[in-house]
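Keep the structure open while you read.

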Protein chains: 2
Amino acid sequence: MSHIIAKYQLHNNPSKIDTIAEKLAVGLTVGSWTDLTAEDQAHLEKYKGEVITKEIIDAEKGLLHIAIAYPEHNITPDFSSILTTVFGKLSLDGKVKLFDIDFTDYSKHFKGPAFGVEGVRDLLNIYDRPLVMSIFKGIIGRDASFFEAQLRAQALSVDIIKDDEILYDVPELPFEERITIGKRVLDEIFEATGRRVLYAVNLSGPVFELPDKARKAKQLGANALLFNVHTYGLDALKGLRDLALNLPILAHPALSGALGGSPDYGISYQLLLSKLTRLAGADLILFPVPYGSIELTEDDAKSIVAHALEASTIKQAFPVPSAGVHPGLVKRIIDDFGEDIVINAGGGVHGHPDGATAGGEAFHEAIRHYKTGVGGKHYDKAVALWGTS
Amino acid sequence: MSHIIAKYQLHNNPSKIDTIAEKLAVGLTVGSWTDLTAEDQAHLEKYKGEVITKEIIDAEKGLLHIAIAYPEHNITPDFSSILTTVFGKLSLDGKVKLFDIDFTDYSKHFKGPAFGVEGVRDLLNIYDRPLVMSIFKGIIGRDASFFEAQLRAQALSVDIIKDDEILYDVPELPFEERITIGKRVLDEIFEATGRRVLYAVNLSGPVFELPDKARKAKQLGANALLFNVHTYGLDALKGLRDLALNLPILAHPALSGALGGSPDYGISYQLLLSKLTRLAGADLILFPVPYGSIELTEDDAKSIVAHALEASTIKQAFPVPSAGVHPGLVKRIIDDFGEDIVINAGGGVHGHPDGATAGGEAFHEAIRHYKTGVGGKHYDKAVALWGTS
């Protein structure tokens, strides 16, 4: 029998760990057990949750780890059902954190990334280094000509450009217009240089309109999508993946701190941002570096990368360290996360003394500096400005 | 100009409150301000966020309250965009909790409950008392005959029956079969007694299939829907509401503890479970009573009820106190939350010594006891078993 195994960290009375664990296994499945008839027990045996492990981590603090196996056939293969069973009611029950879910073979229902690390490298024809991504800067309230100029400046040096996640389908700069301009500019650059660049347009709006909008994006020539997966729920990402549009999807971590930030409540970042987001079909997974402008622990960041890349029947997702990144951090980022990453920056590209194109170049030079010891003038200027830590 | 005003509780350095507040107002809108040209500033003025209030609540603990007004035209009228702007990146930035959102007139885009308190009372023709709801018990792994018997036993005495939120569209007991049986049983009871009962079937499965499944439910004769709104995201609830199927929607709080449980991170329960869920279109809002089987503070519970019922341009949502409720708690529940509520129980109905029908009756007797001092034998048996607190 196949199971979904959920692992929890709880704060509760250690002397009650047996009762607590059994209450989860029964309460989140068949409801009751000891008061059932033998006949009912025989019938319901295969629907009952099982306690896999229960461990007192810190008796004084009342810190417990409990793992429960839920029969796969209790649950339908969508993320709402999975999360409702393993953490629906339980999430409301005091200090409890869902820190992992293991799927025995349930993941057969989930295709995972369509492209992943290899597929994105194939699209760009770059195999020997981390990729460089940049985001638009100060784009809210701007029009098409501003957008086009900023897109071009970035596209002349970086590999992937992503929309600002707070830029929606607004009259000043509509979704379809961004795609059309993006295609034209990137095609021109390809004609001129032979270099492919991805532009991930932010797929936003009412949730039930997303499939049609994604199809429209493909038709209009978009070559990647940005998606705020955690404001829509993981199942929306899975649904987009299942459309098989042949477009890489960048998963943005917006709102995920509300679920992952607390050490005692919610869902661990490694599970939410990485394992489940990869399973749902993200090709690229953005997360904050632990030494940038946003708070995330080094352990969390490394665990996110490990889960994005670990061997599996599904493709690897590309980890995208982000937020407060500048060329002087490239060495540390590669040392921490390896070369199968996409280094992403906003201010660290646009804030370069010689502009965004030079800012993108500075990242390439930083990577070259890491690999060969030879940097370049753009990198030197960036380091002079931002330092190396 | 219309705004969306978000209110945050932060833990940070009180001496930096001005910088922090300004960073939010600018960073989550136009990106930068002081380094813009006068021309750019003039153009972007109407896109820039504004600090509305900033208050040091506890200097020693570094507890700050900050309210930011985001221009409405930065945001499209869907919950993903709202949450991405006001709490997307910010949710990841250390100890910060989103505790309220005010809409100046943005709520014109949101229809709110189709039925609400009055509409649900009209459907049931009950105006003078709290309603009584019960949930299926031990339904996982069971078949249609078990379902029908338990539905009938409940329907003979309660006003509303809801699916177990962990019962999905499974082969043992498919969604469509539950609706068909439900319609037949409830029609029979109406024929025999003239009494209308609602059965809220759990609308589940892949998110993009939900509109079609909801339409199918309506066609097959469903008279209410249960929806795990927080595993799908608020925008899915709004999308279902916008279908105008003329079916009341019960919003279940599953997974909401992952967002609302922590005092320092995430989104306040009053905002998440009540204000936004009502705005998105929930007719009934389930929440745990603070003295039942699940942990929730009394302040949170009262605030949830207040936001569900407060005067507004949209209809009131029916608060549904739940989890560990038995007839002996009815007095306390009405004292705490008033009579415009739906009292919901599982074990407190099914665990009655004389069965589920008697269990439902015991709740009616408890309400009568509260209002007139006259209880009844079912109530007495319940109190003998569970007490009154």
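A residue counts as buried when its relative accessible area is under 20%. Keep in mind that this is a predicted model. With that cut-off, A:Phe136 is buried, because its relative accessible area is 2%.

**Aromatic pairs in chain A**

- Over all chains, the count of aromatic pairs comes to 16.
- One of them joins A:Phe136 and A:Tyr199: the ring centres sit 6.1 Å apart and the planes are at 75 degrees, so this one is edge-to-face.
- A:Phe136 is in the loop between strand 5 (131-135) and helix 5 (144-155) of chain A, while A:Tyr199 belongs to strand 7 (residues 198-202), so the pair ties together parts 63 residues apart in sequence.
- A:Tyr199 is buried as well, at 3% relative accessibility.
- Elsewhere in the chain, A:Phe79, A:Phe103 and A:Phe110 make up one aromatic cluster.

**A stacked pair in chain B**

- B:Phe136 pairs with B:Phe147, with ring centres 4.9 Å apart and planes at 15 degrees, so the pair is stacked.
- Here the loop between strand 5 (131-135) and helix 5 (144-155) of chain B holds B:Phe136, and helix 5 itself holds B:Phe147, so the parts tied together are 11 residues apart in sequence.

**Where the chains meet**

- Chain A brings 68 residues to the contact, and chain B brings 68 residues too.
- Between them the two chains bury about 5,700 Å², with 62% of that on carbon and sulfur atoms.
- A:Leu92, A:Tyr168 and A:Phe208 account for 13% of the area chain A buries against chain B, more than any other three residues.

- Two salt bridges turn up across the interface.
- One salt bridge runs from A:Arg142 to B:Asp40, with the closest N and O atoms 3.1 Å apart.
- Several elements of chain A each supply at least two residues to the side touching chain B, among them helix 2 (38-44), helix 7 (210-220) and strand 10 (266-267).
- Helix 3 of chain A gives the most to that side, with six residues.
- By type, the residues on that side of chain A split into 32 nonpolar, 26 polar and 10 charged.

Note on methods: Residues are numbered from 1 along each chain as its sequence is written. Chains are lettered from A and ligands numbered from 1 in the order in which they are written. This is a predicted model: local features need pLDDT of at least 70, side-chain atom pairs count only at pLDDT 80 or more; totals for chains, interfaces and linings use all residues. Side-chain values use heavy atoms; hydrogens and water are left out. Contact means heavy atoms within 4.5 Å. Buried area is the accessible area (1.4 Å probe) that two parts lose on being put together, summed over both. A salt bridge is a side-chain nitrogen of Lys or Arg within 4 Å of a carboxyl oxygen of Asp or Glu. Helices (H or I, at least four residues) and strands (E, at least two) are DSSP runs, numbered from the N terminus. Ala, Val, Leu, Ile, Met, Phe, Trp, Tyr, Cys and Pro count as nonpolar, Asp, Glu, Lys and Arg as charged, and the others, Gly among them, as polar. Rings of Phe, Tyr and Trp (its six-membered ring) pair if their centres lie within 6.5 Å; planes under 30 degrees apart count as stacked, over 60 as edge-to-face and the rest as tilted. Buried means under 20% relative accessible area, exposed over 50%, partly exposed in between (1.4 Å probe, protein chains only).
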